[in-house]
Amino acid sequence: MYQSQEAQELRITLFQFSPKFGQVEANARRAKELCSTIEPGTIDLLCFPEMILSGYVFEDSNEISPFLELPQVGPTSQMCASLARGLGCYVLAGYPEQLSDREISSQSAENTGISDVTDAISTPGSSIVGANSAVLCGPNGYFIGNYRKTNLFATDRTWAKAGSGFASFVLPPPIGRLTLGICMDLNAQPPADWKTRGPPYEVAEYALEEDVDVVVMLNAWLDSGVKHYESKHSDDGEVMKEMKADWGREEEDENDFDDIFDWTTVEFWATRLKPLWVQGGASSLLQHDTTQVHLSGSDSSAKEQEESKDEEETQGEVCASDRRTIVVICNRTGEEKGQTFAGSSTIFNMCHSSGMPRIVGIMGRREEGVRSCGVPVTLTGYKTGPSSVISTKLSR
């Protein structure tokens, strides 16, 4: 059955840290230690990044094979179930899933539907043995569902089978309809240029089509290497003042401000989600595809600030249109085999057609720990009853 409109608060916790490569047990202990600061019953959703216990940069299938996990019974699933049970919330985490023997035997050496990130990787140790997956557990520790990354990055292509599309779940309020993706799924799918900020906007378009309340992306996104004050989309002076005020940062040397968060990466994420917030809605992108992203806290003219004042005020409450999508991007930090990750895990509140995405929670570029935020939500027509998968579809 469906219930009528009701305002509530969705309490989300981001988990961000730098796992030690291949040290699954140590990483699980550290994760539980960092989560021990969360009081049971105080959050609704806890998110861990992509492949958070194993590490991410595996050379090939031979190297990753010892760390592949069976769904529901592997260490990541067990950690999620334990935390969900103890905290009374839903928990999501990324892990390297082990394929069944039957699935391996039926999988051809060529992994179709992959992203053309670099030239095809072909090494003696490369074969399809697993999937870059995510597990969802509910309160009381029960298993709800599994998702496989669809748009594979170069590192995945040496061992992982691509998924078949985004997965959506119907969960009790205040979560509602939740769509799950992993890292590269936010990028444009082939044949489009995967680095584009423009269309196609597969995740955002899917969220609109499926009337999704919450989008969660579990990431191992690389650092942009760009300093905050070099960003072409933001003005460093005003943004630094706003960020320090918002997040209670101590005064720092301007040259070290890039350590707060990777603003260039956050801007890219917001731009890839443009249909969820662009003025006039997704259809307006046909005429205004060059619209430049303006994040809450970025510098703008007095006229622009006045025009958007009412919109900004509504974003902190329930959207005036009663239509919004909360986007959770949970990213890892640290370094691994010469690769540096961006951290900067972010929670966006995207009021449809508002003209601006709003950041309601963000973590530092090098920060490790948990960050909790409450977001007022209005769920219209959400389904009651047991948690369930409502759709799995590839949006192109």
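Helix H1 spans residues 24-35, twelve residues in total, and extends 16 Å from its first C-alpha to its last, close to the 16 Å expected at 1.5 Å a residue. The buried residues of H1 are Val-24, Asn-27, Ala-28, Ala-31, Leu-34 and Cys-35. Because these residues cover an arc of only 130° around the axis, they lie on the same side of H1. The exposed residues Glu-25 and Arg-29 are carried on the face of H1 turned away from that buried side. The model is a predicted one.

The chain contains eight helices and 15 strands. Of its 396 residues, 55% are buried. Among contacts in the chain with a separation of 6 or more, 79% are between residues 24 or more positions apart. Helix H7, residues 263-272, is mostly covered, with ten of its ten residues buried.

Cys-351 is located in strand S12, residues 346-351. Its relative accessible area is 3%, and Cys-351 is therefore buried, the cut-off being under 20%. The C-alpha of Cys-351 is separated by 5.7 Å from that of Trp-277, although the two residues are 74 apart along the chain.

Most residues other than glycine have a negative phi, and most peptide bonds are trans. The peptide bond from Pro-173 to Pro-174 is cis, with omega near 15°; Pro-174 is in the loop between strand S6 (166-171) and strand S7 (176-182). A cis peptide bond is also found from Pro-199 to Pro-200, with omega near 5°, and Pro-200 belongs to the loop between S7 and helix H5 (202-209).

The loop between S7 and H5 also holds Cys-183, a residue that is not a glycine but has a positive phi of about 45°. Cys-183 counts as buried at 8% relative accessibility. Asp-211, likewise a residue other than glycine, has a positive phi near 55°. Asp-211 is placed in the loop between H5 and strand S8 (214-219), and at 31% relative accessibility Asp-211 counts as partly exposed.

Note on methods:
Residues are numbered from 1 along each chain as its sequence is written. This is a predicted model: local features need pLDDT of at least 70, side-chain atom pairs count only at pLDDT 80 or more; totals for chains, interfaces and linings use all residues. Side-chain values use heavy atoms; hydrogens and water are left out. Helices (H or I, at least four residues) and strands (E, at least two) are DSSP runs, numbered from the N terminus. The expected span of a helix is 1.5 Å times one less than its number of residues. Buried means under 20% relative accessible area, exposed over 50%, partly exposed in between (1.4 Å probe, protein chains only). The arc is that of the directions from the helix axis to the C-beta atoms. Contact means heavy atoms within 4.5 Å.
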